[in-house]
Amino acid sequence: MDIAAAYQRGFELRCEGRYPEARAEFMKVLAVDPKHADSRWQISLIQGFEGDFDGSLASLEGLVAEIPSHVEARYDLGMTQMMLGMIDEACANFKEVLRQNPSHEQATRQLAYCE
């Protein structure tokens with residue numbers, strides 16, 4: 001199986017809002033490589049898009065705890081926390097994103113909501 005191709009198909013399906021199909025592609029990737037961080041990240045996003053905000057939060061927290069350098073997962077964790085009213089936690093994550101990647105424009109914009 002071509003992991004990169006399956007991931008790309010999953011990503012494109014997620015962007016089209018075809019979440020069950022996207023999840024299936026990411027699960028194929030994870031069946032071959034259970035630690036594939038980007039597939040885990042995408043599944044976490046799908047959870048939130050489908051309304052499982054607590055599940056998305058838990059999945060993103062777990063991924064970031066395991067791979068602290070995954071900047072995009074950390075940014076999305078911050079966005080999920082912001083949406084759930086966890087402002088201090090979100091701001092801490094945005095600041096960490098910027099510490100790791102000072103040119104991350106989205107995190108820079110989100111700091112406007114932080115003290």
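This note walks through the salt bridges of a predicted model.

1. Overall count. The structure contains 7 salt bridges. Side chains of opposite charge can pair when their charged atoms come close. Some of the pairs are taken up below.

2. Arg18 and Glu21. These two residues form a salt bridge, with 2.6 Å between the closest N and O atoms. Glu21 is partly exposed, at 38% relative accessible area. Arg18 is also partly exposed, at 36%.

3. Glu25 and Lys28. Here the closest N and O atoms of the salt bridge are 3.0 Å apart. Both residues sit in helix 2, which covers residues 19-32. They are 3 residues apart, about one turn of the helix. Their surroundings deserve a look. Glu25 has 10% relative accessibility, and it counts as buried because the cut-off is under 20%. Lys28, in contrast, is partly exposed, with a relative accessible area of 39%.

4. Arg40 and Glu66. Their side chains meet in a salt bridge, at 3.1 Å from N to O. This pair links distant parts of the chain, 26 residues apart. Arg40 belongs to helix 3 (residues 37-49), and Glu66 belongs to helix 4 (residues 53-66). Glu66 is partly exposed, with 43% relative accessible area.

How values were computed: Residues are numbered from 1 along each chain as its sequence is written. This is a predicted model: local features need pLDDT of at least 70, side-chain atom pairs count only at pLDDT 80 or more; totals for chains, interfaces and linings use all residues. Side-chain values use heavy atoms; hydrogens and water are left out. A salt bridge is a side-chain nitrogen of Lys or Arg within 4 Å of a carboxyl oxygen of Asp or Glu. Buried means under 20% relative accessible area, exposed over 50%, partly exposed in between (1.4 Å probe, protein chains only). Helices (H or I, at least four residues) and strands (E, at least two) are DSSP runs, numbered from the N terminus.
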